[in-house]
Amino acid sequence: MPQRHHKFGEWLLRFELIAAASLQDTLQRQTEKGGYIGDLLIEAGLISAEVRDAILLLQKLLGSSTRLADLEIAPETLRKISPRVARDSSVIPMLQVDNWLVVAMSQGDDQDLIADLSSQTGLRIYPVAYRASDIQEAAQSAYDPRRAIQAGMEWIHDEMPDGDGPLLTFVGSGDAIGTGARNQTCLHLRTEEAAFLIDCGPTSLTGMKQLGLPTHQLDGILLTHAHGDHFAGVPFILLEQVELKRERPFWLMGTEAVLEIVKQWNRLAYGGLMDKLGFELRWLAIEHEPRSIPGTGIMVYPFAMHHQKERLCLGYQIHLPEEKIIAFTGDTAWNDNLELLSRDTDLLICECSFYEPKSDIRHLAYTELFEKRERLRSRHLILTHMGSEMLQKASNGEIEFDTAYDGLTVDLGGK
Ligand SMILES: [Zn+2]
C-alpha cells in the first residue's frame, strides 16, 4: 500500500502550530550550528518544553536514537481517529514511533479518552499536553473537509489511492455493536467497471461520507446474510439516491431470504418512498450458482458459510476483469468451505470476532485461524469484524495477521 509520510517539522507546519518562516529559520540554524532541533524550537519559542520533554522521554523509553525532526506519521494513522473524537475532544496525532502514537491534547490526563484513542488506533497512546486553543484549531482544520482543502491539507481525506485500482475500502470494520467506535460491516469496492458495497450496516452511508467516497457512483449492494449489522443500512443508501435524483437502475444481490427481509425493512423504514424511488431497483438472487454484476465482467461466486442456523449465509469470491480475486467470509464459524473460498485469492477479508473460539457462537476466532492458516490460501489476509478482546490484542501487537480499520484502502492494482 502506498503511503506518504510527514515529518514532524512539516507536521507542525501543516497544522500551523508554528509558522513556516520560523521553522525554516530553525532548520537553517541547525544545519549551520548543529544542535538538537527540539531545543532550537524551544529557544525560538516555537514549541513548549513539555512537548520536547515528552518526546525525549518517549525516545528514552523506546531506546531509540530517532531525532525529533525525522519522526514521521502515516496518514493511515490519522484516519483511525474518528473526526468526531478529534474535533470534540481536541486531540491531534503528531507522530508515531513503533507502536506508540504521540497525541497532542489539551487534557492529557483523561484516561478514558486515552483508552478510546488506543482502541481506535490499535496503538499505545503517548499524550502530550498542548495549548488547548492551538489543538482545537488544528483538529478543526485537519478533520473538516472544507477547511482541510482550504489549508492545502486535502490529503487527509483524499490520500486514498485513486490510481488504477481496483480499490477496496473498509467503510465499516466493526462488529455488530460498534466495538472500538468502529462502523458496522461495510466494504466499498471500486473497479473500472463498477462501484458497489459488500454488506451495508446501519452506519454505512455516514461512513462513506466521512471518507469522502462518492455515493452517486454506487451501482449496487452485495449482501452476505440477514443480520442487521450487515443489511440495515440499505434504506439510507436508497434515500440518498433519491436525493441525488438517480435515474439509472440500482441492484441488490443476496440470497432470496436476505432480499425478502431487505424489501420488508425498506418498507418499514420509508414505506411510501419505496413506491416512487424514480429509478429501478433490481433484485438479484444468488444462492448456489455464480452470478455476474449487471453490465460488467465481474463474477460473484457464492460459498455457503456456517452462521445463522435457519438461513443460508454466504461468503463470496469476486472475480474482477482486472484478473484479481477478492474473497469475503461474511460472518461464519470455521468450516471447510473457507478453504475453497480463500483459494488463489489476491485478498481474503476474514471476519474475526473473537480471540478464542466460543462453542455456542458461530463466529471465527483468531487462535483457530492462526492454527489453520496454511489452509487459507490467499496472497493477503486482513481480519475485520473484531470484538473487544481482538482489538485489545491487536493494539498489543499480539495478532500476526493484518487487521482492518475504518478507512483502510487496499489498492489491488499495486505490486
Ligand atoms: Zn451475522
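Modeller: Start with Tyr 366, which sits in helix α16. Helices are DSSP runs of H or I with at least four residues, strands are runs of E with at least two, and both are numbered from the N terminus. This is a predicted model: local features need pLDDT of at least 70, side-chain atom pairs count only at pLDDT 80 or more, and totals for chains, interfaces and linings use all residues. Residues are numbered from 1 along each chain as its sequence is written.

Biologist: Why does Tyr 366 count as buried?

Modeller: A residue is buried if 20 or more other C-beta atoms lie within 10 Å of its own, exposed if 12 or fewer, and partly exposed in between, with C-beta atoms placed from the backbone. Tyr 366 has 25 C-beta neighbours inside 10 Å, so Tyr 366 counts as buried. Of the 415 residues of the chain, 43% are buried.

Biologist: Which residues is Tyr 366 in contact with, leaving aside its neighbours within four places in sequence?

Modeller: Contact requires C-beta atoms, placed from the backbone, within 7 Å. On that basis Tyr 366 is in contact with Cys 352, Tyr 355, Met 390 and Ile 399, once neighbours within four places in sequence are left aside. Glu 351 is 15 residues away along the chain, and its C-alpha atom is separated from that of Tyr 366 by 9.4 Å.

Biologist: Cys 352 is on that list. What does Cys 352 itself contact, leaving aside its neighbours within four places in sequence?

Modeller: Its partners include Leu 364, Tyr 366, Leu 383, His 385 and Met 390. Cys 352 also belongs to the largest nonpolar core, which has 69 residues. Leu 187, Ile 221 and Cys 352 touch the most other members there.

Biologist: What makes a set of residues a nonpolar core?

Modeller: The members are buried Ala, Val, Leu, Ile, Met, Phe, Trp, Tyr and Cys residues, joined through C-beta atoms within 7 Å. A second, separate core has twelve residues, including Val 91, Leu 101, Leu 117 and Val 128.

Biologist: Now the sheets. How do you know that β13 and β14 pair?

Modeller: DSSP must find at least two bridges between two strands. Strands β13 and β14 (residues 313-319) have seven, in the antiparallel sense. Pro 302 stands opposite Tyr 316 in β14. Tyr 316 also has a bridge partner in β15, namely Phe 328. Strands β14 and β15 (residues 325-328) pair antiparallel over four bridges.

Biologist: How many bridges join β12 and β13?

Modeller: Two, antiparallel, between β12 (residues 291-292) and β13 (residues 299-305).

Biologist: What makes β12 and β18 edge strands?

Modeller: The sheet is open, with seven strands in the order β12-β13-β14-β15-β16-β17-β18 and mixed pairing. Strands β12 and β18 each pair on one side only.

Biologist: What is the strand order in the sheet containing β19?

Modeller: It is β11-β10-β9-β8-β7-β6-β19, seven strands, open, with mixed pairing. Its edges are β11 (281-285) and β19 (409-411). Strand β6 (residues 167-172) runs antiparallel to β19, joined by three bridges. Thr 169 stands opposite Thr 409 there.

Conventions. Two residues are in contact if their C-beta atoms, placed from the backbone, lie within 7 Å.
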